[in-house]
Amino acid sequence: MNRRKGDPVAPSLDLTDPAAFVRNDPYAYWQEIRVRSPVFWHPPAAGRPGFWVVSRYADVRACYDDGQRLGSARGTVLDVLLHGDDSAGGKMLAVTDRPRHRALRSLMLRAFSPRVLGEVVRRVEERTARLVEETVGRGTVDFAADVAAHIPLNTICDLLSIPGRDRAELLAWSKTALASERPDGDRLDALEARNEIVLYLVELALERRARPGDDVISMLASAEADGRPLTPEEIALNCYSLLLGGDESSRMSAITAVLVLARHPGQWRALREGRIGVDTAVEEILRWATPGMHFARTARCDLTLGGQRVRAGDIVTLWNTSANNDETVFDRPRTLDLARRPNPHLALGHGPHFCVGAALGRAELRALLTALTAHAGTIEQAGEGRRIYSTFLHGYSSLPVTFRPRRSAPRPDRP
Ligand code: HEM
């Protein structure tokens with residue numbers, strides 16, 4: 001088992017198994033870990049290296065803030081790190097360290113300027129309202145396929161001005177690249193899907209450099225970071241990071257939103273009647289859903305973490321699912337409270353790599369809740385949802401629900 005002498009170990013759950021949290025309750029597991037082994041060394045599995053597991057809120061947040069000693073350039077997802085370094089390291093925002101990260105980030109933030117975002121959010125609201133209105137009263141629907149699948153990817157495609165005819169294929173690749181709908185999902189399929197997306201975006205980058213438009217690809221194609229233009233590969237990788245960062249996570253949050261509203265009719269009623277505001281509800285749903293279960297770093301030097309000696313080069317995983325349910329920060333964390341305040345969850349990360357698309361992710365959820373409260377009277381789960389198998393993402397690939405129309409006109413939110 002190659003356990004390192006003196007390293008603390010935790011109860012037996014293989015965190016490299018994509019089915020680990022489909023077959024086991026993550027909240028009970030993490031509750032025990034936070035008490036027994038808040039920072040522990042996960043032994044190597046299937047010939048892959050071992051890694052550190054950080055579970056308490058304060059430690060996870062401190063690690064996010066410590067870009068100096070904990071780097072992202074080798075990769076930020078456990079599965080990628082266990083199979084070698086991320087090939088996009090140093091080129092794509094999420095897997096780049098300072099100082100290059102700072103230059104790339106300020107470039108990417110321009111893509112999310114209020115001017116650009118305002119128009120994209122307006123289209124999200126329109127699209128969401130239309131989809132929800134069409135779905136309510138239609139009998140049982142699969143919320144994942146019929147509604148959630150059409151919102152985030154189209155939003156990012158709007159940002160990038162991706163032609164409508166290419167969007168369905170892009171969604172299929174995006175789904176394959178990160179998670180799997182089967183427990184034995186193929187890594188090669190995922191890599192192939194990722195390559196397809198990058199190749200497609202390189203072509204678009206070359207086209208837009210020659211004939212710029214008013215979109216994020218054109219903006220990246222004509223901008224400079226650290227005094228030099230981005231290469232077509234860098235443009236493609238950074239657009240890809242918007243697609244992957246923004247599609248799955250938002251989709252998973254939207255599906256979980258509907259699931260929790262169906263399972264908590266009292267909270268749903270309070271939201272629908274305006275006794276709970278949409279903004280606090282969005283934050284609680286993000287905390288509850290925590291679609292990115294972990295993010296990872298690599299130690300750039302020897303350091304001490306939660307009393308443990310971490311060595312330079314060690315992989316360190318930060319478990320958002322655990323941090324967001326840490327009872328020292330969140331009172332009764334598994335009680336849904338859509339009015340919870342304060343709600344300093346880490347679902348969108350923290351520190352230098354804090355989610356660059358946070359405003360958009362939140363706007364998508366806000367649009368969904370607003371459309372639901374306007375059109376739906378009741379939300380009923382109409383069958384088991386199908387969970388995705390992933391060591392990274394938590395959520396559902398299918399969710400049968402029935403929305404019954406609301407009878408009276410919607411009332412505005414309480415002041
Ligand atoms: C970073 C979660 C929506 C693009 C992150 C991080 C988290 C996160 C936890 C930090 C990763 C780290 O520290 O290594 C989420 C969730 C979302 C969401 C839960 C939806 C509910 C979006 C959207 C976009 C996006 C809509 C783009 C359109 C990115 C990018 C980064 C990032 C590019 C890297 C930022 C950097 O390294 O500086 N996201 N995200 N995300 N997210 Fe999001």
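How far from an oxygen atom of the ligand does a polar side-chain atom of Arg 105 lie? The distance is 2.7 Å. Welcome to this predicted model; the points below start at the ligand, move on to a pair of packed helices, and end with some details of the backbone.

**Around the ligand**

- The ligand is surrounded by 29 residues, and the closest are His 101, Arg 105, Arg 297, His 353 and Cys 355.
- For His 353, an N or O atom of the side chain is 2.6 Å from a ligand oxygen atom.
- Two or more residues of the shell around the ligand come from each of these elements: α5 (100-111), α12 (232-263), β7 (294-299) and α16 (358-375).
- Helix α12 gives the largest share of that shell, with seven residues.
- By residue type, the shell holds 15 nonpolar, 12 polar and two charged residues.

**The iron atom**

- The ligand contains an iron atom, and its single donor from the protein is the SG atom of Cys 355, at 2.3 Å.
- To find Cys 355 in the structure, look in the loop between α15 (320-323) and α16.

**Two packed helices**

- Two packed helices are described by the angle between their axes and the distance between the axes.
- Helix α12, which also gives seven residues to the ligand shell, packs against α14 (residues 278-289) at an angle of about 105 degrees, and the axes are 9 Å apart.
- The two helices, α12 and α14, are therefore roughly perpendicular to each other.
- On the α12 side, the contact is made by Ser 253, Thr 256, Ala 257 and Val 260; on the α14 side, Ile 285, Leu 286, Trp 288 and Ala 289 take part.
- The residues in this contact of α12 with α14 are six nonpolar and two polar, with no charged ones.

**Backbone details worth a look**

- Most residues other than glycine have a negative phi, and most peptide bonds are trans.
- Arg 98 and Pro 99 are joined by a cis peptide bond, with omega at about 5 degrees.
- Pro 99 sits in the loop between α4 (78-82) and α5.
- A cis peptide bond also links Arg 341 to Pro 342, where omega is about 0 degrees.
- Pro 342 belongs to the loop between α15 and α16, and Cys 355 lies in the loop between those two helices as well.
- Ser 161, a residue other than glycine, has a positive phi near 55 degrees.
- The place to look for Ser 161 is the loop between α8 (152-160) and α9 (167-178).

Terms used. Residues are numbered from 1 along each chain as its sequence is written. This is a predicted model: local features need pLDDT of at least 70, side-chain atom pairs count only at pLDDT 80 or more; totals for chains, interfaces and linings use all residues. Side-chain values use heavy atoms; hydrogens and water are left out. A residue is near a molecule or strand if one of its heavy atoms lies within 4 Å of it. A polar contact is a pair of N or O atoms within 3.5 Å; within protein, one must be able to donate a hydrogen and the other to accept it, and residues adjacent in sequence count only if both atoms are side-chain atoms. Helices (H or I, at least four residues) and strands (E, at least two) are DSSP runs, numbered from the N terminus. Ala, Val, Leu, Ile, Met, Phe, Trp, Tyr, Cys and Pro count as nonpolar, Asp, Glu, Lys and Arg as charged, and the others, Gly among them, as polar. Donors are N, O and S atoms within 2.8 Å of the metal (3.2 Å for Na, K and Ca); water is not among the atoms, so sites may look incomplete. Axes are lines fitted to C-alpha atoms, for helices over the stretch in contact, and angles run from 0 to 180 degrees between N-to-C directions. Angles under 35 degrees count as roughly parallel, over 145 as roughly antiparallel, 65 to 115 as roughly perpendicular and the rest as oblique. Contact means heavy atoms within 4.5 Å.
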